[in-house]
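Please look over the structure shown here before reading the notes. They cover a ligand site and part of a sheet.

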Amino acid sequence: WAMQAPYVAAINRLKKERNAVVLAHNYMTPDIYHGIADFVGDSLQLAIKATEVEADVIVQCGVHFMAETSKILNPAKTVLMPDMEAGCSLAESITAEGIAEMRAQYPGAPVVSYVNTTAEVKAASDICCTSANAAQIVAAMEGDTVIMTPDKYLAQNVAKQVPQKRVVWWDGACIVHERFTPQDLRDFRDWNPGLKIIAHPECPPDVVAEADFAGSTSGIIDWVSREKPEKTMLVTECSMATNISDAFPEVEFLGPCNMCPYMKKITLEKVLYSLHSMTGAVEVDPEIAGRARLAVQRMIDLSR
Ligand code: 13P
Ligand code: SF4
C-alpha cells in the first residue's frame, strides 16, 4: 500500500486540522488499518473507545452500524461515515417489527441484540452483545429463555456455551462467515499438517466445531499472539490476516480469502473526501438514540 502514501499523508494532516480521530475495525484494508487509524479493534473495543473520544470528530472506518453506535454513545461528536452504503447483512435482516414479533412469540423473554443492528433495533432490545461478550451477556439474563437477534449462528454457538439457557434466534446470517464449510476446514488441515484453525462465532456451528478456537476478531488476535502457531487459518474476513501478519513474522497465514463487500466500501479516497468536505455525518433520532444507548451501555457495564 506504499502507493497510497499521498492519501495517507493528506488524511493524517486533515485529522489534525479537523481535530478528528479515525476508529477502524479489524476488517479494514491494510492502508487504513496501518496508515490512518488512531485506534483499531473489534466491535466491542470500538464501542468502548467511542465513549472515550475527546476529539471533535470521529471518522468511522467500518460499517454503518458501528458509526451509529459511536453517535449513540457520544452524541456531541460529529461521526463521519465515509460511505453510507457500507451496510451489513445482519443489520439489514431485522427491523424493530421483527423484535416485536419475537417478543410476541416468547413473552417475557429478554431480547439480546447483536451490535450489528440499526439504532431502531437496539432501541427495541433489552441489551446488546458483541461476539466478544455474547455468552457472558446471555448467561446474565434472567429467566430460562433468551431471544438472540439477528445472527442465528452466533446464537447457536452461544447456546452450546450457555446450556442452562434456552436460546431462540432470528434467521439472520453474515454473508462472509456463512460461506465457510466444515469441508473447507478439513481440506486445509489435510493439506497443511500442524495447521491451527481459528473461527469467528458468526460461522455455522459445524464450522466452529472443526476449529481449534473460536472468538471475536480481537479474541483471534489475542489467540495468535499467545499461541504463536507455526501455521494458522483465520476463518473470518480476509483482511484480518493481512493486517496482523507483519506483527507475527514467524506465523504463516493460510486459507481462502472471503471479503466483506460492505467493509470494503471504505477506502482512503472516501475517507479523504469525507474529512475534507465534512460530509457523511451520521445522525440518530434523539429519542431512538436514548433507548438504544441504554441497551449498549448495559452491555458495556456487564462486560467490564
Ligand atoms: P467483531 O470484530 O466484534 O468480532 O465483529 C466481527 C464482524 O463481523 C463485524 O462486522
Ligand atoms: Fe456484517 Fe459480516 Fe460484513 Fe461484519 S463481515 S459487516 S457481520 S456482513
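How many residues surround ligand 1, and which are the closest? In this predicted model, 13 residues surround ligand 1, and the closest are Asp42, Ser43, Ser131, Ser216 and Thr217. By type, the shell around ligand 1 divides into 4 nonpolar, 7 polar and 2 charged residues.

**Record**

- An unreviewed UniProt entry lists residues under "binding site", including Ser43, Ser131, Pro201 and Thr217.
- The UniProt list also includes His25, Tyr114, Val115, Asn116, His200 and Glu202.

**Serine 131**

- Serine 131 lies in the loop between β6 (127-129) and α7 (134-140).
- Serine 131 has 27 other C-beta atoms within 10 Å, so it is buried; the cut-off for buried is 20 or more.
- Leaving aside residues up to four places away in sequence, Serine 131 touches Leu154, His200, Pro201, Glu202 and Ser216.

**Proline 201**

- Proline 201 is found in the loop between β9 (196-199) and α10 (205-208).
- Proline 201 is buried because 26 other C-beta atoms lie within 10 Å.
- Apart from residues up to four places away in sequence, the contacts of Proline 201 are Ser131, Leu154, Asn157, Val208 and Ala214.

**Strand β1**

- Of the 6 residues of strand β1 (residues 20-25), 5 are buried, so the strand is largely enclosed by the rest of the structure.
- Strand β1 runs parallel to β3 (residues 57-61), joined by 5 bridges, and leucine 23 stands opposite glutamine 60 in β3.
- Strand β1 also runs parallel to β2 (residues 39-41), joined by 3 bridges, and leucine 23 has phenylalanine 39 as its bridge partner in β2.
- From β1 the chain crosses through helix α2 (residues 30-35) to β2 in a right-handed β-α-β crossover.

Conventions
Residues numbered from 1 in each chain as written. Chains lettered and ligands numbered in written order. Predicted model: local features only at pLDDT ≥ 70, side-chain atom pairs only at ≥ 80, totals over all residues. Near = placed C-beta within 6 Å. Nonpolar A, V, L, I, M, F, W, Y, C, P; charged D, E, K, R; others polar. UniProt positions renumbered as here; feature names shortened; annotations may be inferred. Helix = DSSP H or I, 4+ residues; strand = E, 2+ residues; numbered from the N terminus. Buried ≥ 20, exposed ≤ 12 C-beta atoms within 10 Å, placed from the backbone. Contact = placed C-beta atoms within 7 Å. Pairing = 2+ DSSP bridges. Right-handed = clockwise from strand over helix to strand, strands pointing away.
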